[in-house]
Amino acid sequence: MIDFTYIAQPPRRYTFEQPKLKLWVEKYCFGRTLNLFAGKVKLNILNGWEIRVDVDKNMPADYYMDAYGFVKTWDKEKFNTIILDPPYNLRKAREKYQGRYIGSFTKIKEILPNIMTDNGRVIQLGYSSVGMGLKRGFIKKAICLICHNGDHNDTIGLVEERIQKSLF
């Protein structure tokens with residue numbers, strides 16, 4: 001069964017400046033949490049901590065680098081939770097992120113299982129509910145539809161958990 005949540009929340013420049021959405025994401029985080037496109041707002045992880053990655057050196061981050069470069073080279077402790085909240089549309093990227101846009105998101109998603117624990121969780125925000133998918137060994141646990149009102153597109157929040165290969 002998939003948990004469904006509906007949130008009405010005006011858009012903000014940084015995703016986690018939206019308090020209801022921030023609480024929804026924090027609810028699903030556990031343990032060592034990678035916030036791969038960290039932005040400005042730090043999360044409160046119950047029984048865990050946040051490792052923050054951003055390309056913008058003006059953001060509070062632990063690592064300043066490209067997301068693909070980070071996941072490709074990470075060789076330390078594995079993550080329990082990974083948050084994916086990239087600038088997911090060109091207009092938003094041009095207006096708010098100096099044109100930085102996530103190009104080949106598929107390449108990043110292919111590598112993520114290598115840096116996650118076996119019972120890991122991916123929380124993804126964007127315009128699609130495709131997520132990591134069964135092909136990569138993940139099942140959907142929760143979906144959040146965030147209505148931003150007016151002429152703004154809704155955002156889809158997706159929580160997926162990694163499953164044992166023998167189960168699929």
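Biologist: Which residues are linked with Glu110 in a network of salt bridges?

Modeller: Lys135 and Arg136. Keep in mind that this is a predicted model.

Biologist: Why is Lys40 called partly exposed?

Modeller: Its relative accessible area is 45%. Buried needs under 20% and exposed needs over 50%, so Lys40 falls in between. Glu17, with 26%, lands in that partly exposed class as well.

Biologist: What about Glu77 and Arg32: what makes them a salt bridge?

Modeller: The closest N and O atoms of that pair are 3.9 Å apart. With the limit at 4 Å, the pair therefore counts.

Biologist: Is Glu77 buried or exposed?

Modeller: Exposed: its relative accessible area is 53%, and the class starts over 50%. Arg32 has 11%, and under 20% means buried. For a pair with both residues buried, look at Glu50 and Arg52, whose closest N and O atoms are 2.9 Å apart in their salt bridge.

Biologist: On to the cysteines. How many disulfides does the structure hold?

Modeller: The structure holds 0. Cys29, at 5% relative accessible area, is buried, and Cys144, at 0%, is buried too.

Biologist: What is the order of the strands in the open sheet?

Modeller: S1-S7-S8-S6-S5-S2-S3-S4, 8 strands with mixed pairing. S1 and S4 stand at the edges because each has a single partner strand, which leaves one side of each without a neighbour in the sheet. Helix H1 packs on this sheet, touching S1, S5, S6, S7 and S8, and its direction makes about 160° with that of S1.

Biologist: How do you know that S6 and S8 are paired: how many bridges join them?

Modeller: There are 6 bridges, and the two strands run antiparallel. Pairing asks for at least two bridges, so S6 and S8 pass. Within that pairing, Gln124 has Leu158 in S8 as its bridge partner.

Biologist: And which residues of H1 are buried?

Modeller: Leu21, Lys22, Trp24, Val25, Glu26 and Tyr28. Their cover includes S1, S5, S6, S7 and S8.

Biologist: What does the nonpolar core look like: which residues have the most contacts inside the largest one?

Modeller: Leu34, Leu36 and Leu112, in a core of 21 residues. S3, H2, S5, H4 and S6 each give two or more residues to it. Apart from it lies another core of 17 residues, among them Tyr28, Cys29, Val41 and Val159.

Biologist: Which residues does Leu36 touch, not counting those up to four places away in sequence?

Modeller: Val53, Ala67, Phe70, Val71, Ile83, Leu84 and Ile108.

Biologist: Zooming out, what pattern does the chain follow?

Modeller: Read along the sequence, β-α-β-β-β-α-β-α-α-β-β-β, with 4 helices and 8 strands. Of its 168 residues, 52% count as buried. Take the contacts between residues at least 6 apart in sequence: 58% of them join residues at least 24 apart.

Definitions and conventions. Residues numbered from 1 in each chain as written. Predicted model: local features only at pLDDT ≥ 70, side-chain atom pairs only at ≥ 80, totals over all residues. Heavy atoms only, no water. Contact = heavy atoms within 4.5 Å. Axes fitted to C-alpha atoms, helices over the stretch in contact; angles between N-to-C directions. Buried < 20%, exposed > 50% of the residue type's maximum accessible area, 1.4 Å probe, protein only. Salt bridge = Lys/Arg side-chain N within 4 Å of Asp/Glu carboxyl O. Disulfide = S-S within 2.5 Å. Core = buried A, V, L, I, M, F, W, Y, C linked by side-chain atoms within 4.5 Å.
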